[in-house]
Amino acid sequence: MSDIFGTMSAAQIHQGLASKEFSAAEMTDAILSGIDAADKSIHAFLQVTPDLAHEAAQKIDQAIASGDFESMGPLAGVPCAYKDNMNLRDTHTTCASKMLENYVSPFTATCVQDTLDAGCIPVGKTNMDEFAFGSTTESSVFGPTKNPWDQTRVPGGSSGGSAAAVAAGMVPVALGSDTGGSIRQPAGFCGVVGVKPTYGVVSRYGVVAFGSSLDQVGPFARNVHDAAEMLNAIQGRDPKDCTSQQSAKDFTANLDEGVKGMKVGVVPAFMESEGLAPEVKNAIEAAAKHLEDAGAELVEIELPNAKAAISAYYVLGPCEAFSNLARFDSVRYGYCDEGHKTLAEQYEASRAKGFGAEAKRRIMLGSYLLSANEYHNYYYPAQQIRTLITQDYQRAFEKVDVILGPVSPCTAFKLGEITDPATMYLFDMFTVPVNISGNGGMSVPLGLGKDSSMPVGAQLICPAFGDENMFRVAAELERCYGSNTVAPDFASAAQANASAGANASADGSASAAVSADDQKGGTR
Amino acid sequence: MISLEDAMKEWEPVIGLECHIELTSLDSKMFCSCKNEHGDAPNTNVCPVCLGMPGALPSPNKEAIKDIVLTGLATNCDIEKHTMFYRKGYMYPDMAKNFQITQGPKAFCMRGHLDLTIDAPAANERVDIPEAQGKDGSYTTHIGIHLIHLEEDAAKMVHVGGREGRIEGATHSIIDYNRAGTPLMELVTEPEMHTPEEARRFMEKLREIVLALGISDCSMENGSMRADGNVSLRRRGTEKLGTKTELKNINSFKNLHDGLAFEIRRQAEILNEGATVLQETRHYDPSTKHTIPMRTKETAADYRMFPDPDLAPFDLSDEFIDEVRAMLPELPDQKAERYQKDWGLSSYDARNLVKDPTITAFFEACMKQKDAQKLVKPLANLLINDVAQLGNEVEDFTLGEGPLTPERAVSLVGMVDAQDISTKQMYEVLKFIVDEDKDPATIVKEHGMKQVSDTSALGAVVDKVIADNPDKVAAYKGGKTGLLGFFMGQCMKALKGQGNPRALNELLRQKLQ
């Protein structure tokens, strides 16, 4: 029965446990064997944690038996995977780097603990670009993750493992982190929902830092409601992260309200961007049209400084990364190249061998940009640009409730297709400004692109700490484009099983693969 | 080598200080909840934050912010409401993150000052006498404070096999991270001190204030208070600063004074020869009383400072600052002023009574005793001179604890005042109090120490001494009046030290005429 769980939403699994249709132990076994089977080809996981999963499942089954389950929240019993830059006590946290290959966490990240406290079942740690530097998951020292929709293509990155695990039905939900698009872009490439909340909504404590002022943790799910429940669980002020803010919202509250009366901003300059694939452009325009048909008002807005965001990002990101990665020096933990005469030599050799090319590129860049001679030429102006971009968004959100646009200029490309770093950096042009300003953004599936037959994502951007706005609009898009889509190679068996047994496909949502253009036609 | 006095004639030293003070009274470290305690077994007060484990984040200790604002207010600083922490990058194992969290150009406290009074004879180091000179030979000078900032301390490293635990020649190093991340204040003065004595007095006064605030034990011995001193020379009458050298990690007031004095002499010799002073960091070795160059880096360090993105900028409210201001205790200067005004003490006595909170507390307890008001001057002497001497002579003596109570101290000086015992005997009685834990009156009685003031008894002794020493008497009468001391000594010897010195003195003068 393993595959039925692969197509079930988090809510359905929780419901199934509540109504005792299956036990947490059965479900967990099935999920673990599902991961076993699917991950042979996808390689979404760097580590599966059956012991922790069984232990958590046992607690859930005890709670069901004692009647305590009903008082547990909606995530109780829901299997969850975590990006491998998140600490989970007594498991490895590798950041997909040789540097931390054998590192075992002595503590648990707040966001991970929040999900455990909510009753989630931890099934493992997912693949990523090394230290989250990348957009394809190809820089993982343990090898790339494949896109479940087409295994010759990348899943996006850096949270590619989490996105692929959700898209392939291995888990209903997962956590990722987003510094310049690392949740939204892989969500878009893999056809799932991915949320980067407003900076400060979720604690960063225990998540290995890349760019501290840019990083934000968020959920992946196959539907908007599950993603909202996940954010409900991980939001809020954490005394251990002084950049986190008070937040106690119910992001599921307005999902059924529709978008009537909402003002949705569109940025004409974005839609005319060089390099924006026609299939993506068409899909976004169709989505905008749909929202208009559903009662929203489309408002053209300008973000005049957004074009400088990539430049600012590739100053601020490397500067912070340079400093954050300085601690990986081979002395207390991590990879150590032994046998050197001096400490300096040991540092140099360990870091030269322990870090991959992209990590070293960013460390060197940050080291240069922060040097006394260059600080005022780069870091300082980048912070000024940051202020301007933040003001752009503030002005825009005086006029609109949410901004709609592309996540990426194209759909998932082939593994190994893009090797030039500067070209790769440009693929983040729509996601990076949101990290620079700190606003929230999320990726919502719009079905498949007409030309590539790969998933296209729409990006919704919200006012700072107005994350509920984008959930509301996302729910509307979901009503049009469908939810709970599992990549076809992994959905077919599940569907067969699902229709044969259990009540997994109650809402028939596993029906996958609707073309974005078809949908556009459909709404007219 | 040229003397300090000669060096100072031609050259004016310009001295600046950097003082580090650990906030030892705080329970937890600067950015984590680990115990703020160095004495424990190595590497026991540690956690993911102060060990720089991946994913750990700092969260500032609010009590430390209170402490530094308190210090700023007590040292006449402007409190900077909008400030932030920076990361200072350097690869060294004493900072697990390989950067230190410290502050940038804007610190919590800016633009303060302390007014120092330098007493004679130390005042004589100053060749150009400042205008504000007192009758007692002291002078007062105004020293600017550039800033006081907050940072985290580094771990303690011991280099095994190296001389004095230093790195040269060491086979390996061991690290204790208990100290890593403990709260540290750094105060930077303006370069406005001009004698080693002024530098010493600045540090002493800063210590007095911080002790009064109760935020650090300020132990130079244990390193909870440390100083770096910068000094350069310029020809008197010129403005342009010379090349400075820096003395690092000085761990006593005396070493600060002596190290700077040596540097002034060393630099003066170089300049007198027409050579140039090398800008470098030097180490003062108290055993040789010399400074030696420390290992110098080939290039100036680039710390790649930038605002720490993990720590939100501060926006201190007026309410918070007022709340801290309300916590300010009476500071040493204010106390000294009150002592002069209320009890008529001299400026010197008042200043010396407020140097150490233990002495201050004891003195104030004494003043609450009956009749203490009229004994204030001898009480001050007792505490400033005799008790200090007692502290040097008697091991484990701590003022305010044990047999010497304020009651006994007042009664002791009262006996001197009533001429029951001599001032010389007073010190003896003081020692007996500590040894025997008895009241002074009992001690005097039991030891038969009562002072002889009776003129007829004294007169007999004086007569005998005069009769026994005809040559000396002749010499005295011939003008060698300095011999009076000899006669006093002889009389006291005969009286076993119990003669009333004032009465004896008078009698001797009379009878030798």
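## Basis of the description

The structure is a predicted model, in which local features need pLDDT of at least 70 and side-chain atom pairs count only at pLDDT 80 or more, while totals for chains, interfaces and linings use all residues. Residues are numbered from 1 along each chain as its sequence is written, chains are lettered from A and ligands numbered from 1 in the order in which they are written, and side-chain values use heavy atoms, with hydrogens and water left out.

## Chain B as a whole

Chain B contains 16 helices and 16 strands; these are DSSP runs, numbered from the N terminus, with at least four residues of H or I for a helix and at least two of E for a strand. The C-alpha trace of chain B spans about 90 × 55 × 50 Å along its principal axes.

Of its 513 residues, 52% count as buried. Here buried means under 20% relative accessible area, exposed over 50%, and partly exposed in between (1.4 Å probe, protein chains only). Among contacts in chain B with a separation of 6 or more, 71% join residues 24 or more positions apart; a contact requires heavy atoms within 4.5 Å.

## Helix α16 of chain B

At the N-terminal end, B:Asn500 caps α16(B), with a side-chain oxygen 3.0 Å from the backbone nitrogen of B:Arg502.

The buried residues of α16(B) include B:Leu504, B:Leu507, B:Leu508 and B:Leu512. Seen down the helix axis, the buried residues of α16(B) fall within an arc of 115°, so they line one face; the arc is that of the directions from the axis to the C-beta atoms. An α-helix has 3.6 residues a turn, so residues three or four places apart point the same way. Elements covering the buried residues include α13 (455-468), α14 (470-477) and α15 (484-494) of chain B. On the face turned away from the buried side lie the exposed residues B:Arg502, B:Glu506 and B:Gln510.

## The interface with chain A

At the interface, 30 residues of chain B are in contact with 38 residues of chain A. The area buried between the two chains is about 2700 Å², of which carbon and sulfur atoms give 59%; buried area is the accessible area (1.4 Å probe) that two parts lose on being put together, summed over both. B:Pro54, B:Leu57 and B:Arg304 supply 24% of the area that chain B buries against chain A, more than any other three residues.

One salt bridge is found across this interface. A:Arg204 forms a salt bridge with B:Asp310, the closest N and O atoms being 3.1 Å apart; the rule asks for a side-chain nitrogen of Lys or Arg within 4 Å of a carboxyl oxygen of Asp or Glu.

## Two individual residues

A:Asp241 is found in the loop between α8 (224-234) and β7 (263-266) of chain A, and counts as buried at 0% relative accessibility. Beyond four places in sequence, A:Asp241 touches A:Val202, A:Ser203, A:Arg204, A:Tyr205 and B:Leu57.

B:Lys88 lies in strand β4 (residues 85-89) of chain B and is partly exposed, with a relative accessible area of 23%. Leaving aside neighbours within four places in sequence, B:Lys88 is in contact with B:Phe99, B:Gln100, B:Thr102, B:Tyr303 and B:Met305.

Key:
Polar contact = N/O pair within 3.5 Å; in protein donor to acceptor, adjacent residues only side chain to side chain.
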